[in-house]
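Please look over the fold with this report beside you.

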Amino acid sequence: MGKVKDVTQETQIVEKEAVADSITTTEITPPAVQLVVCAYSGTEDLLRQIWQKHCPASERLVMSVSENYSVREAIEECLANAAIAEQFVFIPANAFPCAPIKFAELCVPVVYVNKAGQEQYDHRLPILFDKANLVEYLAASDDEGETFIRGYMQRYATRPVHVGFSFGNYVMPVLRGSPCENVVLEGLLRRKFITASSTGFAAISGLITKMLLK
């Protein structure tokens, strides 16, 4: 009987060690990055705080970019990064939500429509990418910027939602270095996103900190 008891105890110890090893392995494997946030050099911390506060459930990577960065090259970096999920949302620089937002909302395909009624795909708004589709598309196209994003969206998205500054409450672009403070305040209070150039973001960073991170 003593031998049977010893064998049982040893079996229990082995099982416990196997469970412990499984738990340890799970804990040290980081979740895949679902959200890639591009940030102009020097704005990384502020963008990280905004997205952490307003979209905390998603794993994110803040990617530092230059003012004249190539969207295609940034996407190629994402494709080569094994830590980024097979499907991920790419946030061009420097776009940010003005209020709490669900990750699923970032996956909706959109196209910006300017005052002249023209569609613009290089719109600085969130874009859902699929790595398998990217491998196929990048191999077949040398396009950059507007043409690159337009081609991808037309091939893999279905009837993007029309958004614009002149209608609805979806987005407010801030592209000039001297924007109207009252207009920006209205955007922070009523719009879903603000998309800013490097100079535009620098001009409103104080308002951003005051309104979004208080």
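Leucine 35 sits opposite valine 89 in β3. Valine 89, in turn, stands opposite leucine 128 in β7. The model is predicted: local features need pLDDT of at least 70, side-chain atom pairs count only at pLDDT 80 or more, and totals for chains, interfaces and linings use all residues. Residues are numbered from 1 along each chain as its sequence is written, and side-chain values use heavy atoms, leaving out hydrogens and water.

Strand β1 (residues 33-40) pairs with β3 in the parallel sense, over four bridges. Strand β7 (residues 127-130) pairs with β3 in the antiparallel sense, also over four bridges. Strands pair here if DSSP finds at least two bridges between them. Helices (H or I, at least four residues) and strands (E, at least two) are DSSP runs, numbered from the N terminus. Six of the eight residues of β3 (residues 84-91) are buried, so the strand is largely enclosed by the rest of the structure. Buried means under 20% relative accessible area, exposed over 50%, and partly exposed in between (1.4 Å probe, protein chains only).

## Two nonpolar cores

A nonpolar core is a set of buried Ala, Val, Leu, Ile, Met, Phe, Trp, Tyr and Cys residues joined through side-chain atoms within 4.5 Å. The largest has 34 residues; Trp51, Phe96 and Phe193 are among those that touch the most other members. Helix α8 gives the largest share of this core, five residues. A second, separate core of 26 residues includes Val33, Val111, Ile127 and Leu138.

Tryptophan 51 has contacts (heavy atoms within 4.5 Å) that include Leu35, Val37, Ile91, Phe96 and Phe193, leaving aside neighbours within four places in sequence.

## Serine 197

Serine 197 lies in the loop between β10 (193-196) and α8 (198-212). Its relative accessibility is 10%, so serine 197 counts as buried. The serine 197 side chain reaches the backbone nitrogen of glycine 200 at 3.0 Å. Not counting residues up to four places away in sequence, serine 197 touches Tyr40, Arg124, Val174, Leu175 and Arg176.

## Backbone details

Arginine 124 lies in the loop between β6 (119-120) and β7. Its phi is positive, about 70°, although it is not a glycine. At 25% relative accessibility, arginine 124 is partly exposed. Arginine 159 also has a positive phi, near 45°. Arginine 159 is exposed, with a relative accessible area of 78%.

A cis peptide bond joins alanine 93 and asparagine 94, with omega about -25°. Asparagine 94 is in the loop between β3 and β4 (95-97).

How values were computed:
Polar contact = N/O pair within 3.5 Å; in protein donor to acceptor, adjacent residues only side chain to side chain.
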